[in-house]
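Have the viewer open as you read.

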Amino acid sequence: MKLKFKIYKHIGNISKPNNGWTKELNYISWDDREPVYDIRTWSVDHTEYGKGVTITAGEMKALQELIKDKVVF
């Protein structure tokens, strides 16, 4: 079952897997709920989406703190 969604802000593309879809970070509302940060793959026209993860504003701030001084390995 597809959920109703509204992308309020496209923050950026993370990667483009070989299937033509794009993994993106967006600020999005699902089923008219409070908007959240969202990482998932999307079709080019944003009519289809893959599994992803949602992150609240508080969780995003915690994530920023966790990685701000870390070296990516």
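## The β2–β3 hairpin

Let's begin with the hairpin formed by β2 and β3, which has five residues between its strands. In that turn, D31 has a positive phi of about 50 degrees. Keep in mind that this is a predicted model.

Seven bridges pair β2 with β3 (residues 36–42) in the antiparallel sense. Among the pairings, T22 has W42 as its bridge partner in β3.

β1 (residues 5–15) and β2 run antiparallel and are joined by eight bridges; K9, for one, finds its bridge partner in Y27 of β2.

How enclosed is β2 by the rest of the structure? It spans residues 22–30, and seven of its nine residues are buried, so the strand is largely enclosed.

## Salt bridges

The structure has three salt bridges. One of them links K4 and D32, with the closest N and O atoms 3.0 Å apart. K4 sits in the segment before β1 and D32 in the loop between β2 and β3, so this pair ties together parts 28 residues apart in sequence. Both K4 and D32 are exposed.

D38 and R40 form a salt bridge at 2.8 Å, N to O. D38 is buried, at 0% relative accessible area, and R40 counts as buried too, at 10%.

E65 and K68 form a salt bridge at 3.3 Å, N to O, and both residues are exposed.

Terms used
Residues are numbered from 1 along each chain as its sequence is written. This is a predicted model: local features need pLDDT of at least 70, side-chain atom pairs count only at pLDDT 80 or more; totals for chains, interfaces and linings use all residues. Side-chain values use heavy atoms; hydrogens and water are left out. Buried means under 20% relative accessible area, exposed over 50%, partly exposed in between (1.4 Å probe, protein chains only). Helices (H or I, at least four residues) and strands (E, at least two) are DSSP runs, numbered from the N terminus. Two strands pair if DSSP finds at least two bridges between them. A salt bridge is a side-chain nitrogen of Lys or Arg within 4 Å of a carboxyl oxygen of Asp or Glu.
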